[in-house]
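Subject: Structure handover

Hello,

Here is the structure we talked about handing over. My notes on what was found follow it.

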Amino acid sequence: MSRYAPSGEIADPAIIRKIITELSDTRAEGIIRPVQERKLGVRFAFGDTFFNSRPPSFVLGSISDHGLARLLPHSDLIVEVFGTDKRIAFNTSVIQHTPAGVYVNLPATLSKAERRIAQRFKTAEDRMPFVDPKAWIIDANDIAAPPVFGLYQPLASWASVSDISFGGVCVETRFPALLNWVEANPTCTRAQLVFPMMKPIPIGLELRWTKRIRERTTTAEAGYSIQKYKMGMAFLNPPREFMLEVGRYIKELQMGNAV
C-alpha cells in the first residue's frame, strides 16, 4: 500500500520556485537518491537558492563526507522531502559538487502527495518508542506480569511500540497481565509515549483492538513457541505539539537508512 494519496504534478515555474524557496527558508531535510543507484540514500538539508543565476540553481547541503563521496559519480538525482503531512519529490541534475554541498538545477516539474491518514510505519529496534500506561500497578507476584527489579521498577510497565501512525500506535508485549489490564481499562488517560532519547510525553490512549499471536522459532538444537500480544490504541485529543513529535519520529524512520 502506498504511504501517500495520489500525487499531483506541478509544472508552473513560479509555483516550483515558491515551494523550493519555502523549503530553503526552513532548511527542510530529505533524501537524495541517484537515478542510477536507487538503493543509495543520502541525507541532506536545503541550502541557499540562486534563482537569478544561469541556470537557476540551489544547494543541497548538510551532507556527510561519506554521502558526498557516494554522490560524486552521479549527475542525475531524485530528491525526496518527507514532511508530517506530505511528500515532495523531483528530479534534478548536478551543476557542481562542492565540500559545502551539491549545486543542482531548478527542476522543471515536481510532485506533491498528501500522506494517507491511517498509514502505519513500522518502528526500528534502534529507534524503538515505548508506551507507559502509568496507571497500571504491577503485582510483583503475578507470573503473567513483567519482572520487577529494584530501581528499574518504573520501567517494568513499559511496552514496545511495533508500529505508529498519526492516529495511534500498535503496542506489543509478551506479558498477558498488561493485555488483561488494558482490556479492563480501555481508556488510558494518564498514559505516556516515550520516544528515543526524549522525556515521556503525556497522551491519552484508547484501546481499539487486540490480537494474540503465537510465533514458532527454530534453532539449531530445538524449536519453541513465543506468545505475543498486540493492542491497537488510538491517540485521544492529541495536542499539536504532540503531533509534531510524532511527525518528527516518523520522518526519522523514513530517513533511517540514509547516509
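Arginine 208 and glutamate 206 form a salt bridge, with their closest N and O atoms 3.2 Å apart. A salt bridge here is a side-chain nitrogen of Lys or Arg within 4 Å of a carboxyl oxygen of Asp or Glu. Arginine 208 is exposed, at a relative accessible area of 55%, and glutamate 206 is partly exposed at 27%. The cut-offs are under 20% relative accessible area for buried, over 50% for exposed and in between for partly exposed (1.4 Å probe, protein chains only).

Before the rest, some conventions. This is a predicted model, in which local features need pLDDT of at least 70 and side-chain atom pairs count only at pLDDT 80 or more, while totals for chains, interfaces and linings use all residues. Residues are numbered from 1 along each chain as its sequence is written, and side-chain values use heavy atoms, leaving out hydrogens and water. Helices (H or I, at least four residues) and strands (E, at least two) are DSSP runs, numbered from the N terminus.

The structure holds 11 salt bridges in total. One of them joins glutamate 80 and arginine 33, at 2.6 Å from N to O. This pair links distant parts of the chain, 47 residues apart: glutamate 80 is in strand E5 (residues 76-82) and arginine 33 in strand E2 (residues 29-34). Glutamate 80 is buried, with a relative accessible area of 10%. Six of the seven residues of E5 are buried, so the strand is largely enclosed by the rest of the structure. E2 and E5 pair in the antiparallel sense over five bridges; strands count as paired if DSSP finds at least two bridges between them. The bridge partner of arginine 33 in E5 is isoleucine 78.

Another salt bridge, at 2.7 Å from N to O, is between lysine 18 and glutamate 22. The two are four residues apart in helix H1 (residues 13-25), and therefore separated by about one helical turn. Glutamate 22 is partly exposed, at 41% relative accessibility.

Which residues of H1 are buried? They are Ile16, Ile19, Ile20, Leu23 and Ser24. These residues cover an arc of only 140° around the axis, so they lie on the same side of H1; the arc is that of the directions from the helix axis to the C-beta atoms. On the other side of H1, Ala14, Lys18 and Asp25 are exposed. Just after H1, arginine 27 has a positive phi of about 50°.

Regards
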